[in-house]
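Have the 3D view open as you read, and try to find each part as it comes up.

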Amino acid sequence: MMTDLNLSDFIRRLPKTETHLHIEGALPYELLQQLDPKKFAQPQACWAPDFKWATFEDFEAHLIEHAMQWFTSPERYHEAATLIFRQHLEQNVRYVETSFHAGMIVFLGIPGPEILAAILSAVPTGLEVRVFMGMSRNSYAEPLASVLEDCVNWEGLAGVDLHGVEYLPLEDWTPRLWEKARAVGLVTKAHAGEFGPAGHVREAIEHLGVRRIQHGVRAVEDPKVLQLAIDTDVTFDVCPISNVKLDVIDSMPLHPIREFFDRGLRCTISTDDPFSFGNTLEQEYQALAQQLGFSRQELAQLAKNGFEVALVDAATRARWIAEVDKVLQSAGATN
Ligand SMILES: [Zn+2]
């Protein structure tokens, strides 16, 4: 597809956020190429714009297989995060929320605080990063259970995120731990309404008490759930290209983010797992402009939404939002 140069320029200059990013799923391919230049000489097939993953399990297996080759130590997390955050700065991203997967703690035998510190110490000047620990719906078993209980006390952890797979039931430990996390000032999130039904979004809001839904796209199937999300001031951290490539949504023009936005639900956009989708944050903005009719002003509002929920002080938030307005003004953008 032809890219409107003015549009690309506008998107590049827009100060942006990325608030739904799995650090293992953001593994820079060049790091695998360093490990084995021959094996990883070719770009991945899954990066083709029209590629679709056959199943979530295929996607997950491919990601785990590759991530495990790189993420073997805190130093490796640091090195990957350094490159990932550099790419954020190149795209004029100012604020990032990323999660690392709790299962890696047991798998690698590395204490969680060391992974956390490795990521945080890679944050460059000009970028604010908040790190979450993600955990699966069935991860509460020893030896991980005591780690999950303890993580709310780790210095520097911004919050917890319930990762996929959504067909597993929500277990009793989760609302209890989420409550405990909020009690000490952490932010709680949950993946819901991606492969699971709209009812999972309701469950995450009402039962888990989250105000940050990761994906949430299938809330479109139940107007009452959508209204609940709006009424409770919930934000959906949406990843449109991920949704299309995982076939949650047939094609970009059918993505419900258009309806969410028009109804006044606060949405942000992110890349989710760029290793497996070959997407950049700028491409997410381009897709919304070119295939869902988002105007410059609407793209700027998506960026502002990210700053509105960012875990920063009021002055920093106001400064970033003013910068977005300035770019919008200088672009003379009214459409
Ligand atoms: Zn995700």
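Two strands count as paired if DSSP finds at least two bridges between them. With that in mind, look at strand S2, where the bridge partner of His 22 is Ser 99. Please remember that this is a predicted model.

**The sheet as a whole**
- The model has an open sheet of 8 strands, paired in parallel and ordered S1-S2-S3-S4-S5-S6-S7-S8.
- Which strands form the edges of this sheet? They are S1 (16–22) and S8 (266–269), each of which pairs on one side only.
- On average, neighbouring strands of the sheet are turned by 25° against each other, with direction ignored.

- S2 covers residues 93–101.
- Is S2 mostly buried or exposed? Since 9 of the 9 residues of S2 are buried, the strand is largely enclosed by the rest of the structure.
- A residue counts as buried here if 20 or more other C-beta atoms lie within 10 Å of its own.
- On one side, S2 pairs with S1 in the parallel sense, over 5 bridges.
- S2 is also joined to S3 (residues 128–135) by 7 bridges, and these two strands run parallel.
- Glu 97 is a residue to look for here, standing opposite Arg 130 in S3.
- As a general point, side chains in a regular strand alternate between the two faces of the sheet.

**The S7 and S8 end**
- S7 (residues 235–238) runs parallel to S8, and 4 bridges join them.
- Val 238 can be found opposite Ile 269 in S8.

**Helices on the sheet**
- Helix H9 (residues 198–206) packs on the sheet, where it touches S5 (187–192) and S6 (212–215).
- The direction of H9 makes about 165° with that of S5.
- Helix H15 lies across S1, S2, S7 and S8, and runs at about 100° to S8.

**Helix against helix**
- H15 (residues 296–309) also packs with H16 (residues 314–330), at an angle of about 170° and with their axes 10 Å apart.
- That angle makes H15 roughly antiparallel to H16, because angles over 145 degrees count as roughly antiparallel.
- From H15, the contact is made by Arg 296, Gln 297, Ala 300, Ala 303, Lys 304 and Phe 307.
- From H16, Arg 317, Trp 320, Ile 321, Val 324 and Leu 328 take part.
- What kinds of residue meet in this contact? They divide into 7 nonpolar, 1 polar and 3 charged.

Definitions and conventions
Residues are numbered from 1 along each chain as its sequence is written. This is a predicted model: local features need pLDDT of at least 70, side-chain atom pairs count only at pLDDT 80 or more; totals for chains, interfaces and linings use all residues. Axes are lines fitted to C-alpha atoms, for helices over the stretch in contact, and angles run from 0 to 180 degrees between N-to-C directions. Angles under 35 degrees count as roughly parallel, over 145 as roughly antiparallel, 65 to 115 as roughly perpendicular and the rest as oblique. Two residues are in contact if their C-beta atoms, placed from the backbone, lie within 7 Å. Ala, Val, Leu, Ile, Met, Phe, Trp, Tyr, Cys and Pro count as nonpolar, Asp, Glu, Lys and Arg as charged, and the others, Gly among them, as polar. A residue is buried if 20 or more other C-beta atoms lie within 10 Å of its own, exposed if 12 or fewer, and partly exposed in between; C-beta atoms are placed from the backbone.
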